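Me: Please examine the following structure with me, question by question.

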Amino acid sequence: MLFDSHAHYDSRSFNADRDELLSAMPEHGVGRILNAGCDLPSSRAAAELANRYDFIWAAVGSHPDDADHVDDRTLDEYRRLAAGERVVAVGEIGLDYHYEDVPRAVQQEAFVRQLELARELKLPVIVHEREAHADAMEIVDAFPDVRGVFHCFSGSLEMARWLLHRGWYLGFTGVLTFKNAKRALEVAENVPLHRLLLETDCPYMAPEPYRGRRCDSTMLGKTAARLAELRGITVEAVARATWESASELFGLPAEARRAACCGGENLEKTP
């Protein structure tokens with residue numbers, strides 16, 4: 001089965017059919033989901049979802065767009081939520097310089113404070129980084145005892161190797177199926193498979209041929225198939241490797257994988 005290592009099922013996009021959709025995930029070859037928070041309300045919702053579904057885990061944290069709300073009170077609430085056994089990471093946190101709705105200095109401070117929280121809690125982090133490569137690498141380099149995943153990785157092969165050398169993982173979404181994704185394809189093809197994670201970032205980033213639609217984890221098989229094509233291996237091998245990598249990063253038992261993980265009949269089943 002597949003492990004969707006980054007999703008947002010707390011999004012209002014799923015209000016009409018959330019429970020129906022999630023309940024059907026095993027039928028579509030999806031055995032585990034990590035639901036990431038973006039701010040305090042979504043982090044609370046992520047933790048609540050993880051408590052309701054035995055195949056969902058949560059991450060709590062503030063996205064760079066919410067960096068101006070990261071204060072002592074917010075961090076204390078993340079600390080409280082992270083005490084729950086279903087919360088296995090801090091995220092998604094990081095830097096986003098594309099729109100700069102929040103000043104860079106504020107984003108950087110929030111990123112550092114949440115990395116400090118992850119270090120304190122001994123949890124991995126989920127990093128959102130967009131058009132901020134140099135600053136993100138400088139901040140990460142100051143936390144050699146914290147590791148995690150750069151989700152929806154958009155950096156160069158050189159940056160990828162720099163992160164992998166420091167124990168980090170790289171996450172890839174449906175972008176791998178896009179025709180113009182040259183940089184992502186180069187990285188996905190040339191770094192060790194056991195350091196890659198599959199993710200949807202749903203409801204965003206739907207893979208081809210669903211681009212433009214609401215994304216969900218049932219589409220993850222398309223990304224797995226594209227990664228398998230790039231690597232010249234089977235979809236089953238991709239499913240196995242990325243399941244084990246995500247499980248290792250988030251501290252989950254890989255052996256809990258359902259027997260269907262090593263069989264490919266459901267891995268590309270789509271809506």
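Me: Is Ser-62 buried or exposed?
Reply: In this predicted model, Ser-62 is found in the loop between strand E3 (56–60) and helix H3 (72–82). Residues under 20% relative accessible area count as buried. Ser-62 has a relative accessible area of 2%, so Ser-62 is buried.

Me: Which side chain does the side chain of Ser-62 join in a polar contact of 2.7 Å?
Reply: Leaving aside residues up to four places away in sequence, Ser-62 touches Cys-38, Asp-39, Val-70, Thr-74, Tyr-78, Glu-92, Ile-93 and Gln-114. The polar contact of 2.7 Å joins the side chain of Ser-62 to that of Tyr-78.

Me: How many disulfides does a search of the whole structure find?
Reply: A disulfide requires two cysteine sulfur atoms within 2.5 Å. For Cys-38, the closest cysteine sulfur is in Cys-202, 11 Å away, which is too far for a bond. For Cys-152, the closest cysteine sulfur is in Cys-215, also too far for a bond at 11 Å. The search of the whole structure gives a count of 0.

Me: Is Cys-152 buried, partly exposed or exposed?
Reply: The partly exposed class lies between the buried limit of 20% and the exposed limit of 50%. The relative accessible area of Cys-152 is 22%, so Cys-152 is partly exposed.

Me: Within what arc do the buried residues of H5 fall, seen down its axis?
Reply: Helix H5 (residues 133–141) has the buried residues Ala-136, Met-137, Ile-139 and Val-140. These buried residues line one face of the helix, because seen down the axis of H5 they fall within an arc of 165°.

Me: Which exposed residues does H5 carry on the face turned away from its buried side?
Reply: The buried residues of H5 pack against strand E4 (87–96), helix H4 (104–121), strand E5 (125–130), strand E6 (148–151) and helix H6 (157–165). The face turned away from that buried side carries the exposed residues Ala-134 and Glu-138.

Me: Which residues lining the largest pocket are the closest to its centre?
Reply: The largest pocket holds about 710 Å³ of space. Its lining comprises 33 residues, and the closest of them to the centre are His-128, Arg-130, Cys-152, Asp-201 and Met-205.

Me: Which elements give two or more residues to the lining of the largest pocket?
Reply: The lining of the largest pocket, of about 710 Å³, is made by 33 residues. The elements giving two or more residues to this lining are E4, E5, strand E7 (169–172) and helix H7 (182–190).

Definitions and conventions. Residues numbered from 1 in each chain as written. Predicted model: local features only at pLDDT ≥ 70, side-chain atom pairs only at ≥ 80, totals over all residues. Heavy atoms only, no water. Helix = DSSP H or I, 4+ residues; strand = E, 2+ residues; numbered from the N terminus. Buried < 20%, exposed > 50% of the residue type's maximum accessible area, 1.4 Å probe, protein only. Polar contact = N/O pair within 3.5 Å; in protein donor to acceptor, adjacent residues only side chain to side chain. Contact = heavy atoms within 4.5 Å. Arc of directions from axis to C-beta. 1 Å grid on protein atoms, 1.4 Å probe; cavity = no way out; pocket = protein on both sides within 12 Å on 5 of 7 lines; lining within 4 Å. Points joined across faces, edges and corners; volume = space filled by probe spheres on them.
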